[in-house]
Amino acid sequence: MSACLVCGSDRLAHLFHASDRLYHTTKKEFSVVRCAGCGLVRLDPVPSPEELPNYYPDNYWFAPDATAASRMEEAYRRLVLRDHVQFVEQALRQTRAPGPLLDVGCGGGLFLGMMRERGFRVLGLDNSREAAAIAWRRQQAPAVCAMLERAPFRRESLAGLTMFHVLEHLYDPRAYLAAAHQLLAPDGRLVVQVPNAACWQFHLLGHAWNGVDVPRHLFDFRASDVEKLVESCGFEVVRRKYFSLRDNPAGLASSLAPSLDPMARRVRRIAESGAGRLAKDLIYLALVVASVPFTALEAAFRAGSTVMIEARRP
């Protein structure tokens, strides 16, 4: 048992046991607990640094191939990424800081490619060498394989830094936020997004909520938890957004039918014909569309299943 990341308390309450419901990388069960001091939800104990990589499949990102289903999936991803792009574009338009945008955990780089198409200078960083190579090759986004604390960039050289669904995977999220503070120029903008454990979906579904994602998510943050961490690292919170067209409806669909999730099927290497894959993708898409009204409603009450936060480096 370790002290709470947010408040330092060592008192906790057990919530439930869960295993890898989405990717089936293990049958081992893990304990999810809540801090008795501040309410932060997390794994305890966490997998060791030697164990944790076993739960990350090699193809843990999107890279399109030549099939019709893949082309449809890329078109869909471009559509639903627009609100991410618009949120970050607004942040960068408002800053006086010079320099490029760095996306931490860039995966295959589709977001960076879309930002580059809008005229922004972009860089990517991922802990997968293959993902960084795909981002560079397919999206013309220069990307490196590194941890942020040791990233090969100059201090105060960035206008913006994004971390979409990164902090919940880290042993020490504060170290990444501190590194981001060093890399951003004065008035630079940090944008972070995490699953929001204060959402209605978590209250309704518990361990079946996709945002828990045991054992890859070491922390299950609420918006208030992230704000406290960001502010403790010297940032000023500017904006919050509780709805993501990419993540909120799809997250609910994957919670209800994990076997239909396209990424999970790819990761688990489920044998599918082209027609079978397309049919499952269409059924999943229908479930995602059906999830939009509920996820929009919970977001309207500031209880969306994700939260995106813009913070400024003073």
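Leaving aside neighbours within four places in sequence, Met163 is in contact (heavy atoms within 4.5 Å) with Val104, Tyr176, Leu177, Ala180, Leu190, Val191, Val192 and Gln193. The model is predicted, so local features need pLDDT of at least 70 and side-chain atom pairs count only at pLDDT 80 or more, while totals for chains, interfaces and linings use all residues. Residues are numbered from 1 along each chain as its sequence is written, and side-chain values use heavy atoms, with hydrogens and water left out.

**Nonpolar cores**

- A nonpolar core is a set of buried Ala, Val, Leu, Ile, Met, Phe, Trp, Tyr and Cys residues joined through side-chain atoms within 4.5 Å.
- Buried means under 20% relative accessible area, exposed means over 50%, and partly exposed lies in between, using a 1.4 Å probe and protein chains only.
- The largest nonpolar core has 58 residues, and Leu148, Leu161 and Met163 touch the most other members.
- Helix 5 gives the most to this core, with 5 residues.
- A second, separate core has 25 residues, including Phe87, Cys106, Leu110 and Phe164.

- Helices (H or I, at least four residues) and strands (E, at least two) are DSSP runs, numbered from the N terminus.
- Helix 7 covers residues 223-232, and its buried residues are Ala223, Asp225, Val226, Glu227, Leu229 and Val230.

**Cis peptide bonds**

- Asp44 is joined to Pro45 by a cis peptide bond, with omega near 0 degrees.
- Pro45 sits in the loop between strand 3 (41-43) and helix 1 (68-80).
- The bond from Val214 to Pro215 is also cis, with omega near 0 degrees.
- The loop that holds Pro215 runs between helix 6 (200-205) and strand 9.

- Glu156 is a residue other than glycine with a positive phi, near 55 degrees.
- The loop between strand 6 (143-145) and strand 7 (158-164) contains Glu156.
- Glu156 counts as partly exposed because its relative accessibility is 39%.
- His165, again a residue other than glycine, has a positive phi near 55 degrees.
- The place of His165 is in the loop between strand 7 and helix 5.
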